[in-house]
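Hi,

Here is the structure I said I would pass on. Have a look at it before you read my notes.

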Amino acid sequence: MTEYTDIRYEARDGVAYLTINRPEKYNAFRGKTCDELIDALNRAGWDKSIGVIVLTGEGTKAFCTGGDQSAHDGGYDGRGVIGLPVEELQTLIRDVPKPVIARVNGFAIGGGNVLVTCCDLAIASETAVFGQVGPKVGSVDPGFGTAFLSRVIGEKRAREIWFLCRRYSAQQALDMGLVNAVVPAAELDAEVDRWCQEILALSPTAIAIAKRSFNADSDSIRGIGGMGMQALSMFYGTPESHEGVNAFLEKRRPNFRSPGGQ
């Protein structure tokens, strides 16, 4: 894949910048978006001239707001167990031997929040907002978005995020350990660049070994996620899950206890 429509790929001074370019959808991803990110991660991950990968979203409103609900009606629009190769994308963020930094410039909601969780490091603008919406729309991330999240911020906080679906400020995300740093929006690019330059000054092989060592402790979650995605694909076929999607698209409160209002 040499041309992208849903993302932008830029490489300069040893850093690969991967930008989800769907601002009209708050940088929500569809099947094609995931495939392009996977291709770009492989491209940057094995390019010896690249030492750091930065993942971000176009514009100032959103980093990523997860799966595009307009492309979801009992199944998304691409390949993979649920119609999105999202588990492959999450795994690849962890597998590439380069640090992946989430540059969080706005909403990091749903699957976008999971991408932040999977990235090695995260630097957020003060305007960033974090949270989960899965149970609001009849969905869940049954792997890295749940089990690994609890490794990152602790079980009580992780359960709170999923069971209440609240939104959290950048400072709250920093306090709970979901991000590494928070800076004013005008300083976000400069701060990300500082972190990239510090990494680029270090041994790339040592960094790669360290990353794989960190991952080894939590790689069993990949299997949990694979099993969970199979269950999720069946859940997406139920009236309860359909009610969540329909309510979101119709901008109304879902009635999960009696889907469709019956």
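Below is what turned up, going from the whole chain down to single residues.

Some ground rules before the details. This is a predicted model, so to speak of local features I need pLDDT of at least 70, and side-chain atom pairs count only at pLDDT 80 or more, while totals for chains, interfaces and linings use all residues. Residues are numbered from 1 along each chain as its sequence is written, and side-chain values use heavy atoms, with hydrogens and water left out.

**The chain as a whole**

You'll find ten helices and ten strands in the chain; these are DSSP runs, numbered from the N terminus, with helices being H or I of at least four residues and strands E of at least two. The C-alpha trace spans about 60 × 35 × 35 Å along its principal axes. The radius of gyration is 18 Å, which agrees with the value near 18 Å for a compact globule of 262 residues (taken over C-alpha atoms; the globule rule is 2.2 Å times the number of residues to the power 0.38). Of the 262 residues, 50% count as buried, where buried means under 20% relative accessible area, exposed means over 50% and partly exposed is in between, using a 1.4 Å probe and protein chains only. Taking contacts (heavy atoms within 4.5 Å) with a separation of 6 or more, 71% are between residues 24 or more positions apart.

**A pocket**

The second largest pocket has a volume of about 570 Å³. On a 1 Å grid over the protein atoms alone, a pocket is an open set of points where a 1.4 Å probe fits, with protein on both sides within 12 Å along at least five of seven lines, and lining residues have an atom within 4 Å of a point. The volume is the space filled by probe spheres set on the points, which are joined across faces, edges and corners.

Its lining has 24 residues, and Cys119, Asp120, Leu121, Phe148 and Phe214 lie nearest the centre. Helix H3 (111–118), strand E7 (121–125), helix H4 (144–153) and helix H8 (204–216) each supply at least two lining residues, with H8 giving the most, at five. By type, the lining divides into 14 nonpolar, five polar and five charged residues.

Leaving aside neighbours within four places in sequence, Ser218 is in contact with Arg94, Phe148 and Arg151.

**Salt bridges**

The count comes to 19 salt bridges, each being a side-chain nitrogen of Lys or Arg within 4 Å of a carboxyl oxygen of Asp or Glu.

Arg8 has a bridge to Glu10 (3.6 Å, N to O) and another to Glu58, with the closest N and O atoms 2.4 Å apart. Glu58 lies in the loop between strand E3 (52–57) and strand E4 (62–64) and Arg8 in strand E1 (residues 7–12), so this pair ties together parts 50 residues apart in sequence. Arg8 is partly exposed at 31%, as is Glu58 at 26%.

Arg194 and Glu191 meet at 2.6 Å, N to O. They are three residues apart in helix H7 (residues 188–200), or about one helical turn. Arg194 is partly exposed at 42%, whereas Glu191 is buried at 14%.

Cheers

Note on methods
Ala, Val, Leu, Ile, Met, Phe, Trp, Tyr, Cys and Pro count as nonpolar, Asp, Glu, Lys and Arg as charged, and the others, Gly among them, as polar.
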